[in-house]
Amino acid sequence: MLTAHVRAGTLVVVLGAARPLWRHRTGPPPWAPTPRPFERRLAHRTEGALLLAFGVPAAGVAFLASGTGPGPGGGRRGRR
């Protein structure tokens, strides 16, 4: 179960990193003519919050990669 969880987290991190790179390269799509200024600001803030949410799975992958987390070889550092 842990392996599937780690793979899913890694996939989220990879896709989360690919999307901003893709948007930077291709540019954002054009705005629809109907959104009001506050709706555009809300859209930008929501996107920023979603980008921050990718930090959670990235931290989990880094934790496991450091060898201090659960899993093969992990969780043993500092114990006697």
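The structure holds three salt bridges.

Trainee: Hi! Before we get to those, what kind of model is this?
Mentor: Hello! This is a predicted model.

Trainee: Thanks. How many helices and strands does the protein have?
Mentor: There are three helices and zero strands. Along the sequence the pattern reads α-α-α.

Trainee: Back to the salt bridges, then. Which side chain does Arg 19 meet?
Mentor: Arg 19 pairs with Glu 47 in a salt bridge, at 2.9 Å from N to O. This pair links distant parts of the chain, with Arg 19 in helix 1 and Glu 47 in helix 2, 28 residues apart.

Trainee: And what does Arg 23 form a salt bridge with?
Mentor: Glu 47 again: the closest N and O atoms of Arg 23 and Glu 47 are 3.5 Å apart. Here too distant parts of the chain are linked, since Arg 23 lies in helix 1 and Glu 47 in helix 2, 24 residues apart.

Trainee: New topic: at what angle do the axes of helix 2 and helix 3 cross?
Mentor: Roughly 15 degrees, and the axes come within 5 Å. Helix 2 covers residues 37-53 and helix 3 covers residues 55-65.

Trainee: Why call them roughly parallel?
Mentor: Because angles under 35 degrees count as roughly parallel, helix 2 and helix 3 get that description.

Trainee: Which residues meet there?
Mentor: From helix 2, Leu 51, Leu 52 and Ala 53 meet Gly 55, Val 56 and Pro 57 of helix 3. By class, that contact has five nonpolar, one polar and no charged residues.

Trainee: Where is Pro 20 found?
Mentor: Pro 20 sits in helix 1, residues 2-26. Pro 20 is partly exposed, at 34% relative accessible area.

Trainee: Last one: how much of the protein is buried?
Mentor: Buried residues make up 6% of the 80 residues. The protein exposes about 6900 Å², and carbon and sulfur atoms supply 67% of that area.

How values were computed:
Residues are numbered from 1 along each chain as its sequence is written. This is a predicted model: local features need pLDDT of at least 70, side-chain atom pairs count only at pLDDT 80 or more; totals for chains, interfaces and linings use all residues. Side-chain values use heavy atoms; hydrogens and water are left out. Helices (H or I, at least four residues) and strands (E, at least two) are DSSP runs, numbered from the N terminus. Buried means under 20% relative accessible area, exposed over 50%, partly exposed in between (1.4 Å probe, protein chains only). Accessible areas come from the Shrake-Rupley method with a 1.4 Å probe; for residues, only the protein chains shown count as cover. Axes are lines fitted to C-alpha atoms, for helices over the stretch in contact, and angles run from 0 to 180 degrees between N-to-C directions. Angles under 35 degrees count as roughly parallel, over 145 as roughly antiparallel, 65 to 115 as roughly perpendicular and the rest as oblique. Contact means heavy atoms within 4.5 Å. Ala, Val, Leu, Ile, Met, Phe, Trp, Tyr, Cys and Pro count as nonpolar, Asp, Glu, Lys and Arg as charged, and the others, Gly among them, as polar. A salt bridge is a side-chain nitrogen of Lys or Arg within 4 Å of a carboxyl oxygen of Asp or Glu.
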